[in-house]
Amino acid sequence: MGYGPETRKHARSRWIVAVYVAVAIFIVGALVAVVMSFAAQRSPAPDPTDTPPPTGDVTPVTPPSETSEPGEPGPVPTSGPIDPGGPLDNEGPHPADWVNETQIRVYTFGSSSCPARLDRVEVVGADEITVHFDGSYGDQVCTMDYVGKEHIVDVPEEASGRPLMVRVLVEQ
């Protein structure tokens, strides 16, 4: 017993439908891959000439009194509102304070896995310095936590004025 023309017609149409479905799946997959590749591309880095200069607060740092212990670590705040560039309150720790006569302790805040790195100390005047930190990590993935980090910074000899004004800049 042979197959009739009607059976061959149905077999041929099923094969054509299968080819169309396979081609459609391939095209949809290719389109999804193209869209995902465009979405995954990062926007180009901003032109440094277009970005405003980073800002920072100036904090007066008074030398330690003779009754305080030199080098004793200060508390890093772990609760309450935190202003990463300015004093936390009138009595709590400030972004910078003295460790001894030649070093200051500077606090920065950010991701614990990508902390700001000390870049340089710039002397603005005899009684003012700017402490520059590098906070850029490129394409590295950083945690989304917000913690304080303590940095011990040597005060240049040219900055001999007391009290000393300290500007802390974290450049991204």
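Ile 27 is found in helix α1, residues 5-40. Helices here are DSSP runs of H or I with at least four residues, strands are DSSP runs of E with at least two, and both are numbered from the N terminus. This is a predicted model, in which local features need pLDDT of at least 70 and side-chain atom pairs count only at pLDDT 80 or more, while totals for chains, interfaces and linings use all residues. Residues are numbered from 1 along each chain as its sequence is written, and side-chain values use heavy atoms, with hydrogens and water left out.

At 44% relative accessibility, Ile 27 counts as partly exposed. Buried means under 20% relative accessible area, exposed means over 50%, and partly exposed lies in between, with a 1.4 Å probe and protein chains only. Ile 27 belongs to a nonpolar patch on the surface, together with Trp 15, Ile 16, Val 19, Tyr 20, Val 23, Phe 26 and Leu 31. The accessible area of this patch is about 870 Å². Such areas come from the Shrake-Rupley method with a 1.4 Å probe, and for residues only the protein chains shown count as cover. Patches are made of residues with over 30% relative accessible area and no salt bridge; like charges are joined within 9 Å, and nonpolar side chains (Val, Leu, Ile, Met, Phe, Trp, Tyr) within 5 Å.

The strands come next. An open sheet is formed by 3 strands in the order β2-β3-β6, with antiparallel pairing. Two strands pair if DSSP finds at least two bridges between them. The edge strands, β2 (96-98) and β6, each pair on one side only. On average, neighbouring strands of this sheet are turned by 25° against each other, direction ignored. Axes for this angle are lines fitted to C-alpha atoms, for helices over the stretch in contact, and angles run from 0 to 180 degrees between N-to-C directions. Strands β2 and β3 run antiparallel and are joined by 3 bridges. Ala 96 has Val 106 in β3 as its bridge partner.

Side chains of opposite charge can pair when their charged atoms come close. The structure holds 4 salt bridges, each a side-chain nitrogen of Lys or Arg within 4 Å of a carboxyl oxygen of Asp or Glu. One of them joins Arg 105 and Asp 97, at 3.1 Å from N to O. Arg 105 is buried, with a relative accessible area of 2%, whereas Asp 97 is partly exposed at 23%. A network of salt bridges links Asp 97, Arg 105 and Glu 150.

Arg 117 forms a salt bridge with Asp 134, and their closest N and O atoms are 3.0 Å apart. Arg 117 lies in strand β4 and Asp 134 in strand β5, so the pair ties together parts that are 17 residues apart in sequence. Both residues are partly exposed, Arg 117 at 33% relative accessibility and Asp 134 at 26%. Asp 119 forms a salt bridge with Arg 120, with the closest N and O atoms 2.9 Å apart.

The structure also holds 1 disulfide, defined as a pair of cysteine sulfur atoms within 2.5 Å. Cys 114 and Cys 142 form this bond, with their sulfur atoms 1.9 Å apart. Cys 114 sits in the loop between β3 (103-110) and β4 (117-125), and Cys 142 in the loop between β5 (128-134) and β6 (147-154), so the link joins distant parts of the chain, 28 residues apart. The torsion about the S-S bond is about -90°, so the disulfide is left-handed. Cys 114 is buried at 8% relative accessible area, while Cys 142 is partly exposed at 28%.
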